[in-house]
Amino acid sequence: MKPVGPIPSGYASIDGELAIGGQRVSALVADAGRTPLFVYSRSHLDARVAELRAALPARIGLNYAVKANPHLAVIGHMAPLVDGFDIASSGELALCIAAGIDPVRISFAGPGKRDDELEAAIAAGVTLNCESEGEASRALTIGARLGKAPRMAIRVNPSFDIKGSGMKMGGGAKPFGVDADRVPALARHVIDAGAEWRGLHIFTGSQTLNADAIIEAMRNVLDLAANLADAIGHSLPKLNMGGGLGIPYFPGDTPVDLPRVGAALAERVNDLPPVFAETELCIELGRYLVGEAGVYLTRVIDRKVSHGVTYLVTDGGLHHQLAASGNFGTVVRRNYPSAIATRYGEEAIEEVNIVGCLCTPLDRLADAAAMPHADVGDLVAVFCAGAYGATASPAAFLGHGPAAEILV
Ligand SMILES: *Cc1c(COP(=O)(O)O)cnc(C)c1O
């Protein structure tokens, strides 16, 4: 038997079925008309933002990193809840604009921005978080051609990253950002060239559960930003301090101690050097905002036994849930939180392997998991599916196509 990860709080059961947003999963599937189905919960999104607002000092704004979940209805729901939106492509820009978000609230990071993407962003008035000298120079040229001063910040490649971060994105050689020692010269160059100077972006990592590591990274980010502002000789209109707060996926994972992070930030923010007097501060979060708000529902298509092992074969799989299958940035495969959604709360009486419908042994949703007895037609729920699910999985692989998505 292998344990499954912890089911996030806030999910209820009605008549022995998992309920999301007050509706039974079978009713949600009937509404959507098919499985597999991603269900995103408004009340979870609201609750998470409220927790963050309560814990963080008012001085620190909250940005949503759209790549975690770019479903249009989710972006639209986040629009009044957060301060800014971080995008990583012109596709995400188009979605934010379709969701009615004012481009002044949007910043665009990501290596390899094409000229047409820079042009769309500059024309719309989006802030570019420049990833290199070359990109900055292309942006200035495009701005001159459009007769519009680009709004430009510089993404810094810091010499440190968050300890224990699930995905290292700072420290040493990286495709992201400009090495810290070259930032002052580039900043002065873009300011002198007439760009609208927007400050710095320093992102140090992702999926961290350790509050102390997050606090230390934020402290290092503020120190580095203060030193860079001094070296640039201009204050920072804005500082995007990164984020990196993770969510528990696996057995033994515990949630980030958010009040502790908030208290440490409040202490620090009350004692900032004068160079930050006019600086707008924000953190950017993807997974932490939306991850626990999503549930992936897939139907059992077959129940079979091989060499004494029971398999529940579903109509979903790694083409929608690459991360849960263990093939997206994990070294050792462990079980995501999952359950038989149509027998929610029933006692676990058997050990099953829950697999997807793809013809590859990689397509596993839960290994050797203790579950109530499930039959063909039952629904399986995979939790923590709100971030890096639908759009971070190879939906075209084997031709089953994308899952449905709804916000409830
Ligand atoms: C991916 C990414 C994020 C979001 O990371 P999460 O772990 O989902 O919070 C934020 N900022 C940048 C620059 C990113 O690339």
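Modeller: The side chain of Lys-67 places an N or O atom 2.7 Å from an oxygen atom of the ligand, and the side chain of Tyr-388 has an N or O atom 2.5 Å from a ligand oxygen; a polar contact here is a pair of N or O atoms within 3.5 Å, where within protein one must be able to donate a hydrogen and the other to accept it, and residues adjacent in sequence count only if both atoms are side-chain atoms. This is a predicted model, in which local features need pLDDT of at least 70 and side-chain atom pairs count only at pLDDT 80 or more, while totals for chains, interfaces and linings use all residues. Residues are numbered from 1 along each chain as its sequence is written, and side-chain values use heavy atoms, with hydrogens and water left out. Lys-67, Gly-286 and Tyr-388 are, together with Ser-206 and Arg-287, the nearest of the 13 residues around the ligand, a residue being near if one of its heavy atoms lies within 4 Å. By class, this shell holds five nonpolar, four polar and four charged residues, where Ala, Val, Leu, Ile, Met, Phe, Trp, Tyr, Cys and Pro count as nonpolar, Asp, Glu, Lys and Arg as charged, and the others, Gly among them, as polar.
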